[in-house]
Each structure stands twice: as C-alpha cells, then as structure tokens.
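Visitor: Before we look at the model, I would like each term tied to its criterion. Please show me the structure.

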Amino acid sequence: MQVSIACTEQNLRSRSSEDRLCGPRPGPGGGNGGPVGGGHGNPPGGGGSGLKARAALVPRPPAPAGALRESTGRSTGMKYRNLGKSGLRVSCLGLGTWVTFGSQISDETAEDVLTIAYEHGINLFDTAEVYAAGKAERTLGNILKHKGWRRSSYVITTKIFWGGQAETERGLSRKHIIEGLRGSLERLQLEYVDIVFANRSDPNSPMEEIVRAMTYVINQGLALYWGTSRWGAAEIMEAYSMARQFNLIPPVCEQVEHHLFQREKVEMQLPELYHKIGVGSVTWSPLACGLITSKYDGRLPDTCRASIKGYQWLKDKVQSEDGKKQQAKAMDLLPIAHQLGCTVAQLAIAWCLRSEGVSSVLLGVSSEEQLMEHLGSLQVLSQLTPQMVMEIDGLLGNKSHSKK
C-alpha cells in the first residue's frame, strides 16, 4: 500500500507552529523523537483514546506566515530548523563532502572535520554517488562506522544521477534510482539514508516514473524522504502534483546553489513553493566556491579547489572578468564585517541563513580551522539587522525583484 506524506495547501496553512515546526519531543526511554523510519506513519503506541487523547487535539494558535521556528542546542549553540515543512529537524549549518572527502583532503583530516562538526551540533552530512567517483561516500561511511555515533542522531543525504559510465548507470530511471541508491548505501555502510536527492532533472525519464521510484525506495526503507537538486520550480511543482494525483510521496526540499551573487531562485522562486507545498531549501556553495574570500586575491594557491585536476571550470571562473568583479565586490563588504567583528566569509554564510525557507546551508571545508571560522557565522546571524541587509544589497546592487 502506498503511503503518502503529502499535505494539502490548506492543511499546511492550518497546522499550528508547534505542530509543524517544534523540536523533537522525548520518546520512550527519554530519547528524542520516534522510531527510525516512522516519519510517514502513525505515532507508536495504543493510547490514542480517552480524555487525554482528546485534550491533546485542542487546536493551538496559528504560526506567523512563513515562520521557520528555530531551536538552539544547549551545549553547542547550533540552531535547528525543520526541513521545509516536514517534521525532520536539521542543523542550520550542514557539512558537505563535495571536492573534499575522498579527493582534496586526507581521510584523517576528513574524520577530524566530521568529528568537530558533530561535536558542535551539526547533524546534517551531505554526499553524492558522483563525488570522487564514490570515494566520498566510502570515506564518510568509514568514518561513521569508526565513530559509532547513534544512527538516530544524524542525518545523511546523498544524491542520485551520475553513477557510472554505462547508459543505465545514470539518470533518474526507476532502475538507476533503486540500484544507484543501493550502491550508495553499500558504500556508506548504512541501512538507509535520511534523504535521497534527484541530482538534477532528467528529460529522458517521465515524472511519474521518478516519483513512483522515490516513493518505492522510501516504502522499502532505503530512504526516509526525497528531494530535488537543481530542479526548476515548475519541475518541482509537477513532481508534487504527480504525487498528489497518485497518492505518492512528494519531495520535501530542493538543494540549490545560493550565495551573494546567486540569489534569484532562493529569493523569488522557492519561497512560493515553501508556502504552497512545504518544499524547503538546502543550499550549497555559500562562498561561491571561495570567491567570497580573500584566498584567491589575484592568484591560485596550490591547495585551493581551482587548482585541483578536473576543476578547470572553477579556475576559469576565478580568472574571468566576472570572477574578478565578484571578488572585488566581496571585499567591499569588509567595513560591515569589521563592524560586526567577523570575517567576510562569516558574514556571507550568515547572510545565506537569513533567507526565507532555507532549512540548512551546506559548508565545504578542507580544515578544522576553516570549519571553526564558518561555525562563527551563527553569532553573526543574530547581529544581522534589516538595515545591514539593506546596506549589503546596496553594495552588491543585485537584489532580486519581482517581474510582476
């Protein structure tokens, strides 16, 4: 029997702030949340009748429109948000493995970075079958196995599209979604991932086939949620509509590039999807692959991403006229950063975090020091006033405007 987590637009509007955005409640034995894999069924236990149960159904005041309710870790200071309007709570900063794990950094450094991230409250770790030809997933899986952390305490996401050289090893056919995810799970040494992303849209695969395959892997326990990555708003809406039509499971979030120079999609397109169908945003590249730092400064350090084999496109971007202009614009933010007592990188990450509907911002770091610097953006976020945001918009001159 197909199980659907879809909610109508009316239901999304009417659900109270605590119902859709509150933190995890203590479960049996004092732990947080319910059983793994229980996100699409009814709560465990049979005590749903009587006066206590009826009292629990008393409606609560509605939440402010578009509010993302945050909670803060007591020991770490990390902030947690819902993944879109699902019930999954994720750290507002996540750790990505693109370029770094299995490639740019050693496995030892990767373990050190992951450990610090986890100890500072990051619970979202992102990877993909294509990263370093599968080595990133293997590295992440080996670290998780070695650390022995409770599986219920962190969120693993992977992305499916480019799995191999054969024609059947890429794309979003039912065959590759299922086989690709099983391959990822084998490399990660996990029974399931929390979120599986479709790592771009596929014009060769019918939307119904994609949504049915994603529903299948969720119902089989191979994933708990699914999302999209680099999809257009119309494609996401089509997937949602397909899920509603056939009682399937819709996507809960879109993974999207977002930084000071890449704004329109997150600011103009995704908020509407968030309000209408509950799709949130997990964003990546908050520093524009390092352009919003002083690391390049007219040169290419041997340790930077643009110097890695296979990243000629990034080298070209850094050395292009647009790239140089963006680096100069980023340096124009130095007075605001100095006023806040932070670096431009911290300011840029905090700026991404204040965007509506953004559930988590993925960090890509190659050292412990870089991670600690980026974690400092949480303190900057609380100091980022509307006036400062307007000042940043004025300096950049690229604020998105409605075309209506």
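Guide: Two strands are said to pair if DSSP finds at least two bridges between them. Strands (E, at least two residues) and helices (H or I, at least four residues) are DSSP runs, numbered from the N terminus. In β11, the bridge partner of G94 is L362. This is a predicted model, in which local features need pLDDT of at least 70 and side-chain atom pairs count only at pLDDT 80 or more, while totals for chains, interfaces and linings use all residues. Residues are numbered from 1 along each chain as its sequence is written, and side-chain values use heavy atoms, with hydrogens and water left out.

Visitor: How do you know that β4 and β11 pair?

Guide: Three bridges join β4 to β11 (residues 358–363), and the two run parallel. The criterion asks for at least two bridges, so β4 and β11 count as paired. β4 also pairs with β5 in the parallel sense, over two bridges; there G96 stands opposite D126.

Visitor: Which strands close into a barrel, and in what order?

Guide: Eight strands do, in the order β4-β5-β6-β7-β8-β9-β10-β11, with parallel pairing. Neighbouring strands of this sheet are turned by 30° against each other on average, direction ignored.

Visitor: Why is R263 called buried?

Guide: Buried means under 20% relative accessible area, exposed over 50%, and partly exposed in between (1.4 Å probe, protein chains only). R263 has 4% relative accessibility, so it counts as buried. R263 lies in the loop between β9 (253–257) and α10 (264–277). Not counting residues up to four places away in sequence, R263 touches H258, W351, D393, L396, N398, K399 and S400, where contact means heavy atoms within 4.5 Å. The C-alpha atoms of R263 and S400 are separated by 6.8 Å, although the two are 137 residues apart along the chain.

Visitor: What makes both faces of β4 covered?

Guide: In β4 (residues 93–96), L93 and L95 on one side and G94 and G96 on the other are all buried.

Terms used
Axes fitted to C-alpha atoms, helices over the stretch in contact; angles between N-to-C directions.
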